[in-house]
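Me: I would like a close look at one part of this model. Please keep it brisk and stay with the atoms.

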Amino acid sequence: SSSDLRIFWEQCLSVPGIRGLVPRSRTVRVSFTDRKGGKIEREFEEIRSVLMQHEIDHLDGILYLDRLDLDLAVGRSLISEEEYQTQKLMNSEIVYR
């Protein structure tokens, strides 16, 4: 549901110098194999969920720019890193839908 989404200013080393507002699920369940071939299933929440979704997107050839929320009421969903730091958005409250 939409209440299970969070919107976060994401950045990426693949696209330096900018950040974008990206909606992500608050929780995500991931299945993977460990180094010894054992199967593991794990659930991640909050920021760890965002990080896992971001990195899994890379494996699928998707960048966070492909997931920008262009309908946000804040006026725009992409800003420079300098603007982000100047506005002190890094300490802003997480926006839930």
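Which side chain meets Glu10 in a salt bridge, and how far apart are the N and O?

Reply: The model is predicted. The partner of Glu10 is Arg24, and their side chains meet in a salt bridge at 2.7 Å, N to O. This pair links distant parts of the chain. Arg24 sits in strand β2, residues 15–25, while Glu10 sits in strand β1, residues 5–12.

Now the burial. Arg24 has a relative accessible area of 3%. Glu10 also comes out at 3%. Buried means under 20%, so Arg24 counts as buried. By that cut-off Glu10 is buried as well, because its value is 3%.

Arg24 has a further partner. It forms a salt bridge with Asp57, where the closest N and O atoms are 2.8 Å apart. Arg24 lies in strand β2 and Asp57 in helix α1 (residues 46–59), so this bridge ties together parts that are 33 residues apart in sequence. Both Arg24 and Asp57 are buried. For Asp57 the relative accessible area is 6%.

Look at Asp57 from its own side. Its side chain makes a polar contact with the side chain of Arg24, at 2.8 Å. A polar contact of 2.6 Å joins the side chains of Asp57 and Arg67. Salt bridges that share partners join Glu10, Arg24, Asp57 and Arg67 into one network.

How does this sit in the whole? The structure holds eight salt bridges. The protein chain has two helices and six strands. From the N terminus on, the order is β-β-β-β-α-β-α-β. The chain has 97 residues, and 28% of them count as buried. Arg24 and Asp57 are both buried.

For contrast, take a salt bridge with exposed ends. The side chains of Arg29 and Glu41 meet at 3.2 Å, N to O. Arg29 lies in strand β3 (residues 27–33) and Glu41 in strand β4 (residues 39–45), so the pair ties together parts that are 12 residues apart in sequence. Both Arg29 and Glu41 are exposed. Arg24 and Asp57, by contrast, are both buried.

β3 and β4 run antiparallel, and seven bridges join them. Val28, for one, has Phe44 in β4 as its bridge partner. The two strands form a hairpin with five residues between them. In the turn, Gly37 has a positive phi of about 90°. Phe32 is found in strand β3. Its relative accessibility is 33%, and Phe32 counts as partly exposed. The C-alpha atoms of Phe32 and Arg42 are separated by 8.5 Å, with the residues 10 apart along the chain.

α1 gives the most, with five residues. By class, the lining has six nonpolar, two polar and three charged residues.

Arg19 deserves a check within that lining. It lies in strand β2. At 8% relative accessibility, Arg19 counts as buried. The C-alpha atoms of Arg19 and Tyr84 are separated by 7.6 Å, although the residues are 65 apart along the chain.

Arg24 in turn forms a salt bridge with Asp57, which lies in helix α1. Asp57 also makes its polar contact with Arg67.

Conventions:
Residues are numbered from 1 along each chain as its sequence is written. This is a predicted model: local features need pLDDT of at least 70, side-chain atom pairs count only at pLDDT 80 or more; totals for chains, interfaces and linings use all residues. Side-chain values use heavy atoms; hydrogens and water are left out. A salt bridge is a side-chain nitrogen of Lys or Arg within 4 Å of a carboxyl oxygen of Asp or Glu. Helices (H or I, at least four residues) and strands (E, at least two) are DSSP runs, numbered from the N terminus. Buried means under 20% relative accessible area, exposed over 50%, partly exposed in between (1.4 Å probe, protein chains only). Two strands pair if DSSP finds at least two bridges between them. Ala, Val, Leu, Ile, Met, Phe, Trp, Tyr, Cys and Pro count as nonpolar, Asp, Glu, Lys and Arg as charged, and the others, Gly among them, as polar. A polar contact is a pair of N or O atoms within 3.5 Å; within protein, one must be able to donate a hydrogen and the other to accept it, and residues adjacent in sequence count only if both atoms are side-chain atoms.
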